[in-house]
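Morning, everyone. Please have the sequence and the 3D view open. I'll take you through a few parts in turn.

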Amino acid sequence: MLKTIRELCRWRDLIRNMVLRNLRVRYKGSVLGFLWTMISPLFMMLIYFLFLRLLRIPIDLPELLIGILAWTFFATCLSDAVVVITAAPSLVKRTPFPKLVMPAAMILANLINFLLSLLVLAGFLAVSIIFFGYRSAAGWSLLALPGVIILNLALVAGLSSFLACLNVYFRDTEHLISILLLAWFFMTPIMYPLERALGSLSPALFSLYCLNPMVAVVSLYRFVFLGTAPPAAAGFYISMAVCLLTMVLGTAFFLRREPYFADEL
Amino acid sequence: MSSIRVTEMSKKFRLRHARGESQEKALFRRLLRRESRDDFWALRDVSFSVDPGETVGVIGPNGSGKSTLLSILARTMVPTRGTVATAGTVSSLLELGAGFHPYLTGRENIFLNGSILGMSQKTVAERFRGIVEFSELGEFIDSPLRSYSSGMAVRLGFSVAAAADPDILLVDEVLAVGDESFQKKSGRKMREFKEAGKTIVVVSHDMNMIRSFCDRVVYLRQGRVVFDGPTGDAVGTYIRDVQAHLAQGGEGLKVRHEWGDRRVEIDGVEITDGRGRSELELEGGGDLIVTVAFTAREPVKDPVFGFAIHDLDHTLCFGSNTQMADFHIPAIAGSGKVRFRLRSLPLLTGRFLLSLSIHSQDHLTSYHRREFYYPLSVVAAGEGAGIFGVPVEWEFLPQPEPEHQGS
């Protein structure tokens with residue numbers, strides 16, 4: 001693990017340049033450019049909100065926005081990850097840098113977008129509190145943000161390296177991932193509050209539901225920004241363990257198969 | 001101590017789908033890690049070493065494992081068996097402009113490409129001026145890459161790679177990039193590397209280049225080293241092998257070499273003499289008519305059709321293309337034919353190889369190229385020795401009377 005981190009540090013200039021490339025390329029040629037990172041979650045929030053109103057599913061706007069932002073980061077990483085190796089055969093076959101750099105740079109680029117979108121969230125919360133009398137119990141909980149982000153990153157890093165590698169061997173991964181993400185979306189409390197899942201699932205099913213690490217991640221973001229109750233301790237520790245385990249196993253799988261990528265592409 | 005030491009190294013490839021195997025079967029086989037009967041050894045028990053400062057050429061017919069060897073030396077592939085040890089930093093000119101992105105400017109691409117090649121941000125910044133100067137891009141350096149011609153992009157790629165300054169340099173036929181003047185320049189750069197005492201391993205089909213550039217040659221055939229020694233002997237052995245293959249009827253011609261992105265593909269070729277007869281032996285001094293049937297998978301603008309005739313030593317005897325002849329073909333799509341007629345071919349008796357090529361106007365994209373592909377046999381009645389003969393008229397000029405010295 002340490003060796004891997006040291007290796008990535010050695011190639012930090014490459015990671016930096018790849019992150020810059022990803023960010024530059026994403027917004028080149030669009031008029032609003034970087035602003036899209038901030039505008040699109042707001043619109044998504046409004047659209048979801050209107051439909052959820054029609055369906056009479058009650059959800060708090062800030063809660064919804066937090067869910068959307070966390071999910072967008074997660075889902076973008078996973079769908080980018082699946083092609084991060086297969087889309088660049090010449091880099092893999094002809095240039096000898098550690099290929100873990102590729103998913104790492106992709107995740108960091110998405111992380112920067114995510115952090116910027118958190119600024120939107122902060123602005124939105126400020127407006128809600130000042131002008132609409134919204135009450136947020138956030139305070140000291142904000143200090144937990146870095147920890148939550150690290151947990152989130154661990155999960156994303158593990159899954160991304162796993163998927164990136166898997167797609168080298170089974171190209172079907174690319175197609176399966178969008179279906180998987182759709183199901184995952186509904187299994188995560190984004191369009192509904194966590195209490196609703198708690199209310200409609202039997203205790204046994206609910207603990208199963210909590211095995212989904214994104215449940216903890218989204219709830220933790222809500223805890224950080226809104227001060228809502230964090231997930232129950234047991235479920236939380238399990239999720240944390242799942243996140244860390246995912247990172248260790250995912251990167252280990254990637255590193256084990258990496259020497260053979262060039263044979264397969 | 002050697003720069004590169006390869007010891008009993010073998011590389012096995014597992015084919016994704018064996019011949020006649022269904023997708024599902026292949027998947028199960030791979031899940032069960034069963035060997036496929038079509039797994040093949042690209043390299044077998046290869047051993048050789050390269051001393052510091054040596055320039056070693058790797059030659060061999062297509063599919064002999066040259067590129068695999070380079071990939072393993074570059075450490076993008078791992079050997080199945082055996083070991084490879086390198087001393088010093090290795091840089092490869094295997095992929096020019098790795099990671100170039102069309103939306104980024106030349107400047108941004110230099111930093112990206114440089115870091116892919118293992119240079120630090122600081123190093124690239126220090127060498128930046130030199131890179132731009134060498135690439136001859138001038139103020140274009142701040143325009144996005146997509147506004148570049150393909151020649152400019154290749155020049156930029158070479159310039160960054162050349163700035164990497166490694167101890168060991170791996171080269172894969174990339175010397176033939178860009179236009180003629182840049183080719184000369186990149187060739188000079190390679191010689192500079194050589195004179196600076198870098199260890200160089202170069203893969204090429206160009207025997208003239210190998211002859212003039214390499215100190216030693218490793219000749220690979222079917223994944224094995226069949227010769228390792230002085231350049232002249234290796235090239236000689238290789239050419240003799242080629243000739244032996246030709247003598248066996250030209251089928252299974254192993255120097256035959258084809259590549260290209262196949263946007264336009266050569267479907268068939270008809271070679272006849274001036275009277276339209278498909279003779280095995282052409283008459284020296286007669287006409288040669290070649291009809292090339294092609295299929296363009298997508299509309300292609302300004303294609304260039306070309307040909308070359310080499311002798312068995314791979315010396316170019318004659319070559320031309322539609323561009324040189326100012327015969328412009330605006331665009332092609334679907335199937336078609338192109339025919340050219342060489343009038344009074346002045347070749348002397350011997351065996352030759354015809355190469356055909358369909359490529360882009362800037363010579364940077366090969367659609368389909370078949371090199372040393374079609375054997376030609378010429379029988380000439382004419383006198384003389386050499387490759388070509390022309391009618392010779394001798395004259396005996398009577399000696400003028402010696403002039404008397406004036407008194």
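Start with strand β6 of chain B. Both of its faces are covered: Ile168(B), Leu170(B) and Asp172(B) are buried on one side, and Leu169(B) and Val171(B) are buried on the other. A residue is buried if 20 or more other C-beta atoms lie within 10 Å of its own, exposed if 12 or fewer, and partly exposed in between, with C-beta atoms placed from the backbone. Strands (E, at least two residues) and helices (H or I, at least four) are DSSP runs, numbered from the N terminus.

A word on the model. It is predicted, so local features need pLDDT of at least 70 and side-chain atom pairs count only at pLDDT 80 or more, while totals for chains, interfaces and linings use all residues. Residues are numbered from 1 along each chain as its sequence is written, and chains are lettered from A and ligands numbered from 1 in the order in which they are written.

Back to β6(B). Which strands does it join? β5(B) is joined to β6(B) by 4 bridges, and the two run parallel. There, Ser92(B) stands opposite Leu170(B). Strand β7 of chain B, residues 199-203, also runs parallel to β6(B), with 5 bridges. Ile168(B) faces Thr199(B) in that pair, standing opposite it. Two strands pair if DSSP finds at least two bridges between them.

Now zoom out to the whole sheet. It is open, has 6 strands in the order β5-β6-β7-β3-β8-β9 (chain B), and its pairing is mixed. Look at the edges. β5 (90-93) and β9 (224-230) of chain B each have a single partner strand, so one side of each is left without a neighbour in the sheet. Neighbouring strands here are turned by 15 degrees against each other on average, direction ignored. Axes are lines fitted to C-alpha atoms, for helices over the stretch in contact, and angles run from 0 to 180 degrees between N-to-C directions.

β8(B), residues 216-221, runs antiparallel to β9(B), with 6 bridges. Val218(B) stands opposite Asp228(B) there. Phe227(B) is also in β9(B). Is Phe227(B) buried or partly exposed? It has 19 C-beta neighbours inside 10 Å, so it counts as partly exposed. Leaving out residues up to four places away in sequence, Phe227(B) touches Tyr219(B), Ala234(B) and Thr237(B). Contact means that the C-beta atoms of two residues, placed from the backbone, lie within 7 Å.

Next, another sheet in chain B. This open sheet has 3 strands, ordered β2-β1-β4, with antiparallel pairing. β2 (40-50) and β4 (81-86) of chain B stand at its edges, each with a single partner strand, so one side of each lacks a neighbour in the sheet. Its neighbouring strands are turned by 20 degrees against each other on average, direction ignored. β1(B), residues 4-13, is joined to β2(B) by 7 bridges. Phe13(B) stands opposite Phe40(B) in this pair. Helix α2 of chain B, residues 66-73, packs on the sheet and touches β1, β2 and β4 of chain B; its direction makes about 60 degrees with that of β2(B).

Over to chain A, helix α3. At 1.5 Å a residue, its 19 residues (36-54) should span 27 Å, and the end C-alpha atoms are 27 Å apart, which agrees. The expected span is 1.5 Å times one less than the number of residues. Its buried residues are Thr37(A), Pro41(A) and Met45(A). The buried residues pack against α4 (61-84) and α6 (101-132) of chain A. On the other side, the exposed residues include Phe43(A) and Arg53(A).

Last, where the chains meet. 17 residues of chain A are in contact with 24 residues of chain B. The largest share of the chain A side, 6 residues, comes from α2(A).
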